[in-house]
Amino acid sequence: MSTFTNFTTETNPDLDMVEDVSPGEVNAKKDNLCLVDVRSSDEYNGELGHIPGSQLITLDTLMDHIDNLPKDKTIVFVCRSGRRSANATAMAKDNGFESVYNMQGGMILWNEMSLDTEGKCS
């Protein structure tokens, strides 16, 4: 039985192998997702905060941890604006992950939509 989550997607403008999903849809389905934030720890706990329940794996260490990510669950990668997470999504696809997505607009758009965050410094 598949534990993958279906999304309405758009092709990433910079990486045609990557599919983007909206922050609103990620928020609505986040309980069924593995959320991976690829920013630095300072950003993760910085002014934009992070999505509750997300895990931090910085982009420069992603390949060291890729084997620990679930291949049987949908993964959404998150960063500040959507560029680094698009690269992370491409890396995961190159390593055999089927159900991986990039969160469009990153934490900037997430915050603009007033969605829940934690870890913000004020």
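What follows is a walk through this predicted model, from its sheet to its salt bridges and then to a few individual residues.

Because this is a predicted model, local features are given only where pLDDT is at least 70 and side-chain atom pairs count only at pLDDT 80 or more, while totals for chains, interfaces and linings use all residues. Residues are numbered from 1 along each chain as its sequence is written, and side-chain values use heavy atoms, with hydrogens and water left out.

Six strands form an open sheet in the order β1-β2-β6-β5-β3-β4, and the pairing is mixed. Here helices (H or I, at least four residues) and strands (E, at least two) are DSSP runs numbered from the N terminus, and two strands are said to pair if DSSP finds at least two bridges between them. The strands β1 and β4 stand at the edges, each with a single partner strand, so one side of each is left without a neighbour in the sheet. In general, strands of a sheet pair through backbone hydrogen bonds, either parallel or antiparallel.

Together, β5, α4 and β6 make a right-handed β-α-β unit, where right-handed means that, with the strands pointing away from the viewer, the path from the first strand over the helix to the second runs clockwise.

The term buried stands for under 20% relative accessible area, exposed for over 50%, and partly exposed for values in between (1.4 Å probe, protein chains only).

Charged side chains come next. Side chains of opposite charge can pair when their charged atoms come close. A search of the whole structure finds four salt bridges, each being a side-chain nitrogen of Lys or Arg within 4 Å of a carboxyl oxygen of Asp or Glu. One of them joins D14 and R83, whose closest N and O atoms are 3.0 Å apart. Since D14 lies in the loop between β1 (10-11) and β2 (19-21) and R83 in helix α4 (residues 83-94), the pair ties together parts that are 69 residues apart in sequence. In this pair D14 is exposed, with a relative accessible area of 54%, and R83 is exposed as well, at 57%.

Another salt bridge links the side chains of E25 and K29 (2.9 Å, N to O). These two residues are four apart in helix α1 (residues 23-29) and are thus separated by about one helical turn; E25 is buried at 17% relative accessibility, whereas K29 is partly exposed at 25%. The salt bridge between R39 and D37 has its closest N and O atoms 2.7 Å apart, with R39 buried at a relative accessible area of 1% and D37 buried, also at 1%.

Leaving aside neighbours within four places in sequence, T58 is in contact (heavy atoms within 4.5 Å) with D37, V38, R39, S40 and S41. The side chain of T58 also makes a polar contact with the side chain of D60, at 2.6 Å; a polar contact is a pair of N or O atoms within 3.5 Å, where within protein one must be able to donate a hydrogen and the other to accept it, and residues adjacent in sequence count only if both atoms are side-chain atoms.

Finally, K71 lies in the loop between α3 and β5 and is partly exposed, with a relative accessible area of 45%. Not counting residues up to four places away in sequence, K71 touches F4, N95, G96 and F97. A polar atom of the K71 side chain lies 3.0 Å from the backbone oxygen of N95, and K71 and F97, 26 residues apart in sequence, are 5.8 Å apart in space, C-alpha to C-alpha.
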